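Here is a short briefing on aromatic contacts and backbone angles. Look at the structure first, then read on.

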Amino acid sequence: MGFSVKEIKDLMDKMQQTGLGELEVEDEGYTLKLSAKKAKKTVENVVMAPTTPVVSAAPIAAAPVAAAAPAAVAADDSEDAKKEEVPKEEEGTVVTAPTVGTYYAAAGPDKPPFVKPGQAVSKGDVLYIIEAMKVMNEIKSEMDGTIGKIFVKNGDPVEYGQPILTIV
């Protein structure tokens, strides 16, 4: 006998209405297996940055099986817990990472760091390097001042907009 197009469409509508992720129906030797993609969910994390609150939303990929979705949410929660601690309110201007990559304080492992806390810097001085896709990007100071606090360690992975250091 099989399944008519109308029967399949009706089943699909019921799946959408009920939020069912997967359905398998057998009828007279025919098997119909339907799986639905759910709408993307977002998890919002509110993070206090040194100057203003930052809200980031991370999309969670919907799994075709409804039982797998909670596991995806749990994995994202554990990743958020592992992320760097947000620096406390600091005086001065916060310099953030302009891109995702790896933070390096010096030009090489045997070289001294570009800047240290308490060191005076001028506009155009190299503050640090971010390696992104095998390219070393020198990040230069946009102002004169003194290095306050450095929030990351040499070799740490950094994300776009992550606070790196302060200039007071």
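**Aromatic pair and positive phi values**

One aromatic pair turns up in a search of the whole structure. Rings of Phe, Tyr and Trp (its six-membered ring) pair if their centres lie within 6.5 Å; planes under 30 degrees apart count as stacked, over 60 as edge-to-face and the rest as tilted. This is a predicted model: local features need pLDDT of at least 70, side-chain atom pairs count only at pLDDT 80 or more, and totals for chains, interfaces and linings use all residues. Residues are numbered from 1 along each chain as its sequence is written, and side-chain values use heavy atoms, with hydrogens and water left out.

**The pair**

- Tyr103 and Tyr128 form a tilted aromatic pair, 5.4 Å centre to centre with 45° between the planes.
- The pair links distant parts of the chain, 25 residues apart: Tyr103 sits in strand 6 (residues 101-104) and Tyr128 in strand 8 (residues 126-132).
- Strands (E, at least two residues) are DSSP runs, numbered from the N terminus.
- Tyr103 and Tyr128 are both buried, meaning under 20% relative accessible area (1.4 Å probe, protein chains only); exposed means over 50%, and partly exposed lies in between.

- Most residues other than glycine have a negative phi.
- Met133 has a positive phi, near 55°.
- Met133 lies in the loop between strand 8 and strand 9 (135-140).
- Met133 counts as exposed because its relative accessibility is 79%.
- Lys134 also has a positive phi, near 65°.
- The loop between strand 8 and strand 9 holds Lys134.
- With a relative accessible area of 75%, Lys134 is exposed.

Definitions and conventions
Helix = DSSP H or I, 4+ residues; strand = E, 2+ residues; numbered from the N terminus.
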